[in-house]
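Good morning, colleagues. I should like to take you through one protein this morning, and I would ask you to keep the display in view as I speak.

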Amino acid sequence: VVLGREHGCPVVLASATPSLETWFNAEQGRYVRLSLPKRATPRPVPSVELVDMTEVEPEDGRKPLFAPPVVQALRDTFAAGGKAIVLYNRRGYATMVQCQSCGGTYECPNCGITMTLHRGNRVVACHYCGLRRTYDGTCPACHGTELEPIGKGTEQVQEALKRLFP
């Protein structure tokens, strides 16, 4: 969206499950929302069950990545010989990294937002403008090494799924 605005070109955000920010922007009239009321295939729409993560009890003081009903549904699917796709709309390992000593974070100099940690590639990236910087595990402000990943991304989801379903 930022690049589209900078270059004066239209941007199409296409998703059956838009982010809350995108949905809100469409509701506020900042984006034009177009709907496709008919499915591309004649199959029925799958059933959806909402799982409220605020009701999930913490394990070892932290909320689990998956709610127990989700883990059970995956187990049941695999036991029946089926396959599953897990969608998680947060790229990278963590949405940000914060220094425990000074509170510093990696911030994009172009956009002013915190950069996302991609631990597998050892980079922090801005998902607005595409800037990437090498991540060496030191704080950009005080050069301390007490950095904590905050938030969850698809890399953490992948690790957790490998542990649950080797």
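Predicted model: local features only at pLDDT ≥ 70, side-chain atom pairs only at ≥ 80, totals over all residues.

Let me begin with the overall form. The protein contains four helices and five strands. Read from the N terminus, the order of these elements is α-α-α-β-β-β-β-β-α. Taken along the principal axes, the box filled by the C-alpha atoms is roughly 55 × 45 × 30 Å. The radius of gyration is 19 Å, whereas a compact globule of 166 residues would have a value near 15 Å. Of those 166 residues, 23% count as buried. As for contacts between residues at least 6 apart in sequence, 48% of them join residues at least 24 apart.

I turn now to the aromatic residues. How many aromatic pairs does a search of the whole structure find? The search finds two. One of them joins F78 and F165: the ring centres are 5.0 Å apart and the planes stand at 80°, so this pair is edge-to-face. F78 belongs to helix α3, residues 68–79, while F165 lies in the segment after α4, which covers 154–164.

The charged end of R33 sits over the ring of W23, at 4.6 Å from the ring centre. Likewise, the charged end of R119 sits over the ring of Y93, 4.0 Å from its centre.

Next, the helices. Helix α3 has 12 residues, which at 1.5 Å a residue should span 16 Å; the C-alpha atoms at its ends are 16 Å apart, in agreement with that expectation. After α3 comes G81, whose phi is positive, near 85°. In α4, the buried residues are E155, Q156, V157, A160 and L161. Against which elements do the buried residues of α4 pack? They pack against α3 and β2.

Strand β2 contains T116. Why does T116 count as buried? Its relative accessibility is 8%, and the limit for a buried residue is under 20%, so T116 falls within that class. Apart from neighbours within four places in sequence, T116 is in contact with R91, G92, A94, T95, V123, V124, A125 and H127.

At 78% relative accessibility, V48 counts as exposed. V48 and C126 are 78 residues apart in sequence, and their C-alpha atoms are 32 Å apart in space. V51 has its place in the loop between α2 and α3 as well, and is partly exposed, at a relative accessible area of 27%. Not counting residues up to four places away in sequence, V51 touches A67 and V70. From V51 to P166 the separation is 115 residues in sequence and 24 Å in space, C-alpha to C-alpha.

D60 has a positive phi of about 55°, although it is not a glycine, and at 83% relative accessibility it counts as exposed. R122 is another residue other than glycine with a positive phi, near 55°. R122 lies in the loop between β2 and β3, the latter being 123–125, and counts as partly exposed, at 42% relative accessibility.

With that I conclude, and I thank you for your attention.

How values were computed
Residues numbered from 1 in each chain as written. Heavy atoms only, no water. Phe/Tyr/Trp six-rings, centres within 6.5 Å; stacked < 30°, edge-to-face > 60°. Helix = DSSP H or I, 4+ residues; strand = E, 2+ residues; numbered from the N terminus. Lys NZ or Arg CZ within 6 Å of the ring centre and 35° of its normal. Rg over C-alpha atoms; globule rule 2.2 N^0.38 Å. Buried < 20%, exposed > 50% of the residue type's maximum accessible area, 1.4 Å probe, protein only. Contact = heavy atoms within 4.5 Å. Expected span 1.5 Å × (residues − 1).
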